[in-house]
Amino acid sequence: MNSSSTLQLIAVVTGANKGIGLETVRQLATQGVTVILTARDPKLGNDAVSSLQLSNVLFHPLDVRDDHSVAGLADFIGAEFGKLDILVNNAGVSGLIVDVEGLKALNIDPESWLSGKATNAVMDTVIKQNHENAVACLDTNYYGCKRVTQALLPFLKLSSSASIVNVSSLRSELKRLPNEKTRGELADIDNLNEEVIENVLDRFLEDLEKGNLESGGWPLMLPSYSMSKVALNAYTRVLAKKHPGMRINCVHPGYVNTDINWHTGVLKVEDGAKGPVMLALLPLDGPSGCYFDQITMAEF
Ligand SMILES: NC(=O)c1ccc[n+]([C@@H]2O[C@H](COP(=O)([O-])OP(=O)(O)OC[C@H]3O[C@@H](n4cnc5c(N)ncnc54)[C@H](OP(=O)(O)O)[C@@H]3O)[C@@H](O)[C@H]2O)c1
């Protein structure tokens, strides 16, 4: 799509006061899309809008964990625009308690970090996970995306070129999930639905609480974050099947230098936003129900 054909498009980006979200807003807006930059903190959100200096970016508060806040955004879109073309579900948290100085002192190379080889060095030493943080992580990264999507779907249905982009992670890939039965359940697209996904998440939380992550075959590197993104990808496929007229995809943005990974990432936000922006602006006959590793289609 070029800027003349994107002039009438309206987009929402969640968690956009910084990082990949803010850069996604910038790239969409410079291509002519009117973008609603959302953030849970109004001051941070308004400051982010001012920093862009683009007249087609506006702020609206949104905490993806808060039903009232989500409903407020839906009301705003209904009153101001009456439709929505693009939803980028970007808001996310790590769900971890981190000794940042300790993590930096370990000086872990990106390959060991991404492959999971660093698991023993970091987990339960400089990175800790408790039940409360795990619940918050799933509630933001999976249920938060679902909350916002459900509330905005009526407006996306009124668009002639609707697309939803769920910002996922490499940690979402099913090959990283040791439990074969759970992997099978989540890969079985014919029988996949929200109940199946949420049942998996409940089992995960139960095993986390009992200290049974290893025996339960759950990911040991960033467990709740990984499971939140596994669930997000599965939800993307369920949603895409339900709404064949829309393009609905999920994307690993790359290992990007942002707050979420305590600035251990190696890519610039400009590169991290490329995948989400490409998927937001897919042509009408573009792919749907797919997972991308940055700008390349990849295996779930
Ligand atoms: N950076 C990477 O290497 C990488 C890799 C894979 C996937 N990702 C994914 O990329 C997305 C963006 O992350 P990032 O790297 O840009 O990290 P970031 O700079 O930490 O940005 C995360 C954003 O999410 C927002 N957020 C958190 N909880 C929220 C809530 N309840 N409601 C609304 N917004 C909320 C944060 O707002 P506050 O400022 O208020 O906290 C912030 O704006 C995330 O989904 C992340 O999982 C990143």
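Author: Residues are numbered from 1 along each chain as its sequence is written, and side-chain values use heavy atoms, leaving out hydrogens and water. Because the model is predicted, local features need pLDDT of at least 70 and side-chain atom pairs count only at pLDDT 80 or more, while totals for chains, interfaces and linings use all residues.

Reader: Why is the pair of W113 and W262 called edge-to-face?

Author: Rings of Phe, Tyr and Trp (its six-membered ring) pair if their centres lie within 6.5 Å, and planes under 30 degrees apart count as stacked, over 60 as edge-to-face and the rest as tilted. By this rule there are six aromatic pairs. The ring centres of W113 and W262 are 6.3 Å apart and their planes stand at 85 degrees, so this pair is edge-to-face.

Reader: What makes W262 count as buried?

Author: Buried means under 20% relative accessible area, exposed over 50%, and partly exposed in between (1.4 Å probe, protein chains only). W262 has a relative accessible area of 13%, and is therefore buried.

Reader: Why are Y142 and Y143 called an edge-to-face pair?

Author: Their ring centres lie 4.7 Å apart with the planes at 75 degrees, so the pair is edge-to-face. Y142, at 0% relative accessibility, counts as buried, whereas Y143, with 23%, is partly exposed. Together with Y235, Y142 and Y143 form one aromatic cluster.
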